[in-house]
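Trainee: I would like to go through this model with you. Shall we take the domain interface, then the ligand?

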Amino acid sequence: MCEWISVALPKGRLGEKAAGLLETIGYGCGALAKGSRALIFENPKNRVRCFWAKPSDVAIYVERGAADVGIVGKDILLEEQPDVYELCDLKMGVCRMMVAGKKGADLNPDRPLRVATKFPRIAAEYFASRSREIDVIKLNGSIEIAPLLGLSDVIVDIVETGTTLKENDLVVLEEILPISTRLVANKVSYKFKNDRVLELLSRVRAALEEQA
Ligand code: PRP
């Protein structure tokens with residue numbers, strides 16, 4: 001009998017797609033995709049256990065081995081730099097990391113540019129690469145209101161459809177980089193549960209090829 005493999009899934013906007021992918025590869029776990037409030041689900045036949053975590057926590061579960069693999073955005077991997085293997089680009093949750101602000105916002109004021117963001121490392125690295133001094137203001141959500149209320153000059157955030165920017169009268173000022181969702185693995189699991197991790201990876205790759 002093979003070992004169990006555990007999969008950390010991101011709750012929220014990516015959740016449905018992530019659960020759908022597990023279903024597609026034959027690793028669906030019962031009521032996972034059916035709106036249950038439970039957080040851990042099992043597929044005893046294929047010995048798969050999956051659980052919902054906050055998207056920003058998925059990499060921590062994987063890094064520390066509480067999950068063998070996980071589904072996580074490249075934004076979080078770049079920001080948190082967890083010690084995990086990135087196995088493949090799942091081509092879902094495709095969006096862009098942007099600098100945005102009010103139309104005509106001055107990106108070169110006579111003081112450090114105030115940047116509100118959930119991604120302080122990405123923001124710091126981006127502006128450092130342009131030799132622009134910034135004052136990072138770390139927020140946890142609803143970043144778009146920061147320039148509207150005068151808390152910051154600009155924001156660094158992900159833009160998917162652009163609706164949030166548009167509905168708050170903000171515009172893209174600069175593009176930092178494209179983002180998509182990745183399959184990651186714990187380094188010890190990759191070594192000691194190699195068959196299981198590679199089997200999951202090959203099922204995922206086959207599903208992606210079929211979609212393409
Ligand atoms: C993300 C992001 C933007 C929004 C962009 O926020 O921080 O606010 O989505 O999406 P759009 O371009 O499709 O409008 P999220 O919904 O994760 O909520 P948060 O503000 O609480 O982080």
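Trainee: How much area do domain 1 and domain 2 bury between them?
Mentor: Keep in mind that this is a predicted model. Carbon and sulfur atoms carry 51% of the buried area. The total between domain 1 and domain 2 is about 920 Å².

Trainee: Where does the chain divide into domain 1 and domain 2?
Mentor: Domain 1 comes in two segments, 5-93 and 180-211. Domain 2 is 95-179.

Trainee: How many residues does the contact take from domain 2?
Mentor: The centres of the two domains, over C-alpha atoms, are 29 Å apart. Domain 1 gives nine residues to the contact. From domain 2 the number is twelve.

Trainee: How many charged residues are on the side of domain 1 that touches domain 2?
Mentor: Five residue pairs are in polar contact across the interface, both partners at pLDDT 80 or more. The side of domain 1 that touches domain 2 has one nonpolar and three polar residues. Its charged residues number five.

Trainee: What is the N to O distance in the salt bridge of Glu160 and Arg13?
Mentor: The count between domain 1 and domain 2 is one salt bridge. As for Glu160 and Arg13, their side chains meet in a salt bridge, and the cut-off is 4 Å. The N to O distance is 2.3 Å.

Trainee: Now the ligand. How far is the side chain of Thr164 from an oxygen atom of the ligand?
Mentor: The ligand has 13 residues around it, and Thr164 is among those that come nearest, as is Glu144. A polar side-chain atom of Glu144 lies 2.6 Å from a ligand oxygen. Gly162 uses a backbone N or O atom, at 2.7 Å. For an N or O atom in the side chain of Thr164, the distance is 2.4 Å.

Trainee: What percentage of the ligand's exposed area does the protein bury?
Mentor: Start from the ligand taken alone, which exposes 490 Å². Of that, the protein buries 73%.

Key:
Residues numbered from 1 in each chain as written. Predicted model: local features only at pLDDT ≥ 70, side-chain atom pairs only at ≥ 80, totals over all residues. Heavy atoms only, no water. Domains from an automatic or database assignment. Contact = heavy atoms within 4.5 Å. Buried area = accessible area lost by both parts, 1.4 Å probe. Polar contact = N/O pair within 3.5 Å; in protein donor to acceptor, adjacent residues only side chain to side chain. Nonpolar A, V, L, I, M, F, W, Y, C, P; charged D, E, K, R; others polar. Near = heavy atom within 4 Å. Areas by Shrake-Rupley, 256 points an atom, 1.4 Å probe, with all protein chains shown as cover.
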